[in-house]
Amino acid sequence: MPSERRSWAPLLAVCAGYFMVILDVTVINVAVPVIGRELSASLTGIQWITDGYTLVFAGFLLTGGALGDRLGNRRVFCTGVAVFTVSSAACALAPSAPFLVVARLVEGLGAALIVPGSLALLQQAYPEKAVRARAFGLWGSMAGIAASAGPLLGGLLVSTAGWRWVFLINLPVGAACLALTLRHVGRSPRRADRALDWPAQVAVVAAVALLTAALNEAGRRGWSDPAVLAGLGLAVLAAAAFALRERLARSPVLPLGLLRSRAMSGGAVIGLLFNFGFYGMVFTASLEFQHGRGYSALGTGLALFPAVAMTMFASVLSGRLSRRTGDRPLVVSGMLLAALGLGGWAAAGADPAYALLVLPMMAAGFGTSFALTGSTATVMGAAAEAYSGAASALFNTTRQVGSATGVALGGSLLASAGDYGTGIRTSMFVGALAYLAAAALAWRCVPAKSASPSSTGPEPLSPDGR
């Protein structure tokens, strides 16, 4: 079956890059206490080691998508992998905390170039709807696996080889990703007529970075802190400036006409909601297991494994089923199952035995991954090929905002609750509501089953929304 193995080589290349990006969001959490001691980092320095990567990653996603559409998605993807790999080596060799912070910022920039191109390259490599659905499913499972496996892998590396291996592990993965991409992924079209609108790029970077920073600080300072409120207010102003500029620009980054598509805008909001629920669960569950139950970092990773194990299985299954059922039933049922899982945790009592939490975690992991394939296909199918990078960037930007919001709100609920158990249950209940909202939105926004199984999906929209 060599031809079949070759056909899945683009998927392997793209997923390797995406896995590195998401892994570095969570793997660092276990390592920062050790890094802080060895590099004599202040509390602020430790926070920037963790949050600087996320801020740059989230802020520059739309820029990465626009560059991919203009210069070619394969070229920008490979550039991102190279930047990410080299900056990971710099992180591993960092002699001081300030050096590590700067290297992490550059690493975040590489991540922002990788992710939008990853979905666009899959859309290019697998034009047939059923095969593309399977590819999107496996791509989506990388996020859940990487995010949940991060604490486990980080704990293993820090306790055995040392914290620098948290970054060194990216080097062989990055090299393999680059080699596979150059060999097996076809060149992407370049659209030199698509000028980059730098004022709009600056506005969206400011909006996403300010929002992410404010949400991160809200978890530590509280939602009424002046710095948090100022950050949220400035983020709204920057978003308004972006929308105004996009309306007036001759070559907009993200044509506002695309957002008039129910599938495009609805799919993006669904991504925000299920990332809110899933990453909020992973964050609060990690704190519960480590601080509430006294698990080690390695033990916490093992405790979260049921949620991780479900993501790969659910993505493969949804990719196979979508050809027969369409995307809407899968997204709706996945969100309802995930809501049932978090609702079950919230109803389990003040101090439930771990065995009672296994099924809720499995339901949340399975449901989120089961819905991701269809929501990804919905967003990517709603835009013309010329805007595939921008559509991918929009979807992943909203998901990053959802992740940051889930983590920040989860932290705030834990900090403000009268006791730890109440905070955990409240956080899980809010996550369940987010999943229910996503299910209702999917019922309205995700297209019904195509008339023909071989169809490539709904007719993509042009920039003017027609």
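The points below go from the overall fold to one helix, its salt bridges and a surface patch.

1. Overall make-up. The model is predicted. The protein holds 20 helices and zero strands. Of its 466 residues, 57% count as buried.

2. Contacts and surface. Among contacts in the protein with a separation of 6 or more, 85% are between residues 24 or more positions apart. The accessible surface of the protein is about 18,000 Å², and carbon and sulfur atoms account for 68% of that area.

3. Helix α2. This helix covers residues 9-26, and its 18 residues should span 26 Å at 1.5 Å a residue. The C-alpha atoms at its ends lie 27 Å apart, which agrees with that expectation. Because 15 of the 18 residues of α2 are buried, the helix is largely enclosed by the rest of the structure.

4. By the rule applied, the protein has two salt bridges. One joins the side chains of Asp 24 and Arg 104, with an N to O distance of 3.5 Å. This pair links distant parts of the chain, since Asp 24 sits in helix α2 and Arg 104 in helix α7 (residues 97-125), 80 residues apart.

5. An α-helix has 3.6 residues a turn, so residues three or four places apart point the same way.

6. Network and burial. Are the members of these pairs buried or exposed? Asp 24, Arg 104 and Glu 107 are linked in a network of salt bridges. Asp 24 has a relative accessible area of 0% and is therefore buried. Arg 104 is likewise at 0% relative accessibility, so it counts as buried. Glu 107 is buried too.

7. Nonpolar surface patch. Leu 336, Phe 429, Leu 433 and Leu 436 make up a nonpolar patch on the surface, and together they have about 370 Å² of accessible area. Helix α20 (residues 420-445) gives the most to this patch, with three residues.

8. Leu 433. This member of the patch is found in helix α20. Its relative accessibility is 42%, so Leu 433 counts as partly exposed; that class lies between the cut-offs of 20% for buried and 50% for exposed.

Key
Residues numbered from 1 in each chain as written. Predicted model: local features only at pLDDT ≥ 70, side-chain atom pairs only at ≥ 80, totals over all residues. Heavy atoms only, no water. Helix = DSSP H or I, 4+ residues; strand = E, 2+ residues; numbered from the N terminus. Expected span 1.5 Å × (residues − 1). Buried < 20%, exposed > 50% of the residue type's maximum accessible area, 1.4 Å probe, protein only. Contact = heavy atoms within 4.5 Å. Areas by Shrake-Rupley, 256 points an atom, 1.4 Å probe, with all protein chains shown as cover. Patch = residues over 30% accessible without salt bridge, like charges linked within 9 Å, V, L, I, M, F, W, Y side chains within 5 Å. Salt bridge = Lys/Arg side-chain N within 4 Å of Asp/Glu carboxyl O.
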